[in-house]
Each structure stands twice: as C-alpha cells, then as structure tokens.
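Here's a quick tour of a protein model, one topic at a time. Keep the 3D view open and follow along.

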Amino acid sequence: MLVDVKVPVLSESVAEATLISWHKKVGDYVERSENLIDIETDKVVLELPAPNAGVLSKILKQDGATVTSGEVIAMIETEAVATVAATVKSNDQVAATAEKQSVVVTGKGIENAGAEESDQVIPMLMPAARKLAEENNLKATETSAIKGTGLGGRITKEDVQMYMANKSSTISKAEPQPGITATSTADKRIERRVAMSRLRQRIAERLVQSQSTAAILTTFNEVNMQAIIDLRTRYKTEFEKEHGVKLGFMSFFVKAVIAALKKYPIVNASVEGNEIVYHDYYDIGIAVGSPRGLVVPVIRDADRLTLAEIELQIADFAKRAQDGKLTIEELSGGTFSITNGGVFGSMLSTPIINPPQSAILGIHATKERPVVENGQIVIRPMNYLALSYDHRIIDGREAVLSLVAMKEALEYPMSPLLEK
C-alpha cells in the first residue's frame, strides 16, 4: 500500500517552508518515525518522520523546493517491508564484517575505504556542497577534513568554499615546486553569492517592518552591577547544588523587567490597528544566537517563575537553539524582549523592537568604570541599559521611568534564597 509523506501542519504565521536535505533516496528502506528530511521554516528547522515503515518509492519534491502545510512530498510502499526486512537480516553477517572498516562519503556516493584506511566517518554533505566538491575534484580524504557547520554537523556549500579558500592560501604560501609558478590569493578579488535562509529572510523582513511601522526612540541609563555580582558570588555554589543550574545575570534582568512592566503596563502593550492591547501577563522573549541566525524564544508567564526556573529555561533555549530544536510555538508571541549584546563585548547599542511588541531592552558588557558616589570618584562594575520603545503609544516619561525602575530593581536585588 502506498502511504503519502506530507509536510506537517505549520503554524498560522508560517505560510510555507523549504526542503533542506533528504536523508533517504528512492528505493531505501525506512523505519517508522525515522527522519526522512529536514524542513526549514522562517523560524525553525523541523524533522519529518516517516509515517510508516517501508520502502521510499517516490520523491515528489527535491531539496530546495518550497512547500506548504499538508503538501505530499513523497510516497512509501508499506508492502515492501517484509521483503526489505528479510534482505537486511540476510546481510547482518556482511554488516558485522564491514563494521571494522571505514566508510567515506564522496561526491559520487559511499565507498568502502578498506581496513587499512582511517576509521573516520565523513559527515554528510549537503547537495550544493557535494556538487561543489565534485566540480573541484575534492577527494574523500579532503572532505573528511572539512568541519560541517550545518544542522547535525552537515557540510554546507559555504564550508566547502571556506576549505578551498584556506587550501588556496596554504598553497600560495608554500615553496614553489620546479616548473610551477606560485600565485598569491591576495591578487584575486573573490565574490561569493549565498541565498538567504528562510530565517534570515524573515529576520530582514521583520526588522524593516519594525523600522517602517513604529516610531522607534531609545532611552539610556546605567546600572551598578555590584550588588548582583556580590549575590552571585555568595550564593552560586549553593544555588547550583540545589537547582542544577548556574545563577546567571539574565534571570535578574528578567525579574527587573517584570517589576518595571507591572509599574508601567503601557510598555508591555502593543498596537493593533487603532487599538492599544494591554497584556496582563508577562511573556518575555530572550534573544539567542544560533547557527541559523538570531532567534527569540519566549519565557511564558515569567512573573510566576523563580530565578532558578528562569535560568533553567534560558539554558534549555540556548542548547536547543544550537541544535535547531526550538519549536515554532516557543518562538511565537511575547510581550517584551531582552537582547544581550554584552556577551559579544558590546558597550552600547540601540536595539530594534520585535513587532508587534512595543519595547525591547538592550543590555551590554559590564565593565569597571569610574563613577562619582558621595562626591568621591570610585570604580564600579557598570552596565549601560538601552530601552527602545514605540513612541506612538509610549511617551518619554513612561519609557524613562520604566528604565529607571529596571535600574533600581537591579541595584537592589532580592536574595535568591528568599524565593520558593
């Protein structure tokens, strides 16, 4: 019986997706729930599991194709299960013998490298990367040296290009062999064109939307981080033992933001047409870097969480962002966002609002700076805060006072031991 392989139902905010890379080819046996292909939306990369065990009999949409919810992209012949399973079983002895031999993936397929070769398994090459490797006659031993930056360690076209550029640079620096004239890559003007991923396209679209639809203004302040640093130093060991997560700075910033939003609800509101929508809940987006670009997973009902619960969620978001495992639901919504350029060393910036939200807090690197206290110049660990807000609904007074409220909450934080 033929079973359709369909694109999973996408969220209402996602109209279409792109097929990244098939993990199986026509004629391959697949287990039920085995990942067939990765599908990229403008928010996440989804894995599409096989709906039934059987043989992949037909692929209707190839790598790079644009697809929509529920679209049929392949077919599985389930009646071929018994035949294929028997074949697999009969080959068990061969597989056991081959286990000690290395397997290399080349541009033309899979080859047995022999027991005397290296046991290294080459990461999977993406279609564009495989084509480029073939065009440049790269050997399997060369592709094995390429570090894949794609999902699951896959080698992308950009990885191959970088390898070739480094290879050319190395050759140009080497001593010329007899009869060969050495040339320097410094004399070449290289251009590379790479298609934007769906996520990067979506980021670009939303940033332009934010700039063109909101009246964005930014106000600044500075905060003395000494009290939080002292708290973390005092309680970090006990906190980690009790909760299994390190006590970081971000949970304090989330708490400070919530304290300010409760005082000034307009900063937690949004614009819909000619109406202002006030949110009596606090879903805080935390900007996280990932191999695909910046994503903003949302901590739901953050006001109900302890410092430990916030830290656990942030750590989980950061890990799954690197693995491409965040869900569409986790990246949707949010009433206010926090972005931390300080982890990259930023001293000051003007963050762009994440629509339809009306404000965003930018935090930066904490540095020791001279400040005046009681008429004396002293050195304190200072952090510059930047609050960008939509001036259409947030007046300067509310923006400035809400940022001051965040500053005060950070300079006079609560002990983590007082939270339950």
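Strand 1 (residues 2-6) and strand 8 (residues 72-77) run antiparallel, with five bridges joining them. Strands here are DSSP runs of E with at least two residues, helices are runs of H or I with at least four, and both are numbered from the N terminus. Before going further, note that this is a predicted model: local features need pLDDT of at least 70, side-chain atom pairs count only at pLDDT 80 or more, and totals for chains, interfaces and linings use all residues. Residues are numbered from 1 along each chain as its sequence is written, and side-chain values use heavy atoms, with hydrogens and water left out.

**Strands and sheets**
- Strand 1 has two faces: Val3 and Val5 are on the covered one, while Leu2, Asp4 and Lys6 are on the uncovered one.
- Elsewhere, four strands make an open sheet in the order 5-4-2-7, with antiparallel pairing (two strands pair if DSSP finds at least two bridges between them).
- Strand 5 (45-49) and strand 7 (66-67) are at the edges with a single partner strand each, so one side of each has no neighbour in the sheet.
- Strand 2 (residues 17-22) is joined to strand 7 by two bridges, and threonine 18 sits opposite threonine 66 in strand 7.

**The whole protein**
- Count the elements and you get ten helices and 21 strands.
- Of its 420 residues, 42% count as buried (buried means under 20% relative accessible area, exposed over 50%, partly exposed in between, using a 1.4 Å probe and protein chains only).
- Take the contacts with a separation of 6 or more: 62% of them are between residues 24 or more positions apart (a contact means heavy atoms within 4.5 Å).

**Nonpolar cores**
- The largest nonpolar core has 76 residues, and Ile73, Val254, Ile284, Phe336, Ile338 and Leu361 have the most contacts inside it.
- Helix 8 (residues 250-263) gives this core its largest share, nine residues.
- A separate second core has ten residues, including Met126, Ala129, Leu138 and Val160.
- To be in such a core, a residue must be a buried Ala, Val, Leu, Ile, Met, Phe, Trp, Tyr or Cys, joined to others through side-chain atoms within 4.5 Å.
- Not counting residues up to four places away in sequence, isoleucine 338 touches a list of residues that includes Met250, Phe253, Val254 and Val257.

- Threonine 335 lies in the loop between helix 9 (307-323) and strand 18 (336-340), and counts as buried because its relative accessibility is 2%.
- Asparagine 224 belongs to strand 11 (residues 216-224) and counts as buried at 15% relative accessibility.
- A polar atom of the asparagine 224 side chain is 2.9 Å from the backbone nitrogen of glutamine 226.

- The average pLDDT is 82, and 81% of the residues score at least 70 (pLDDT is the predictor's confidence in each residue, from 0 to 100).
- Over residues 88-122 the pLDDT is below 50.

Technical notes
A polar contact is a pair of N or O atoms within 3.5 Å; within protein, one must be able to donate a hydrogen and the other to accept it, and residues adjacent in sequence count only if both atoms are side-chain atoms.
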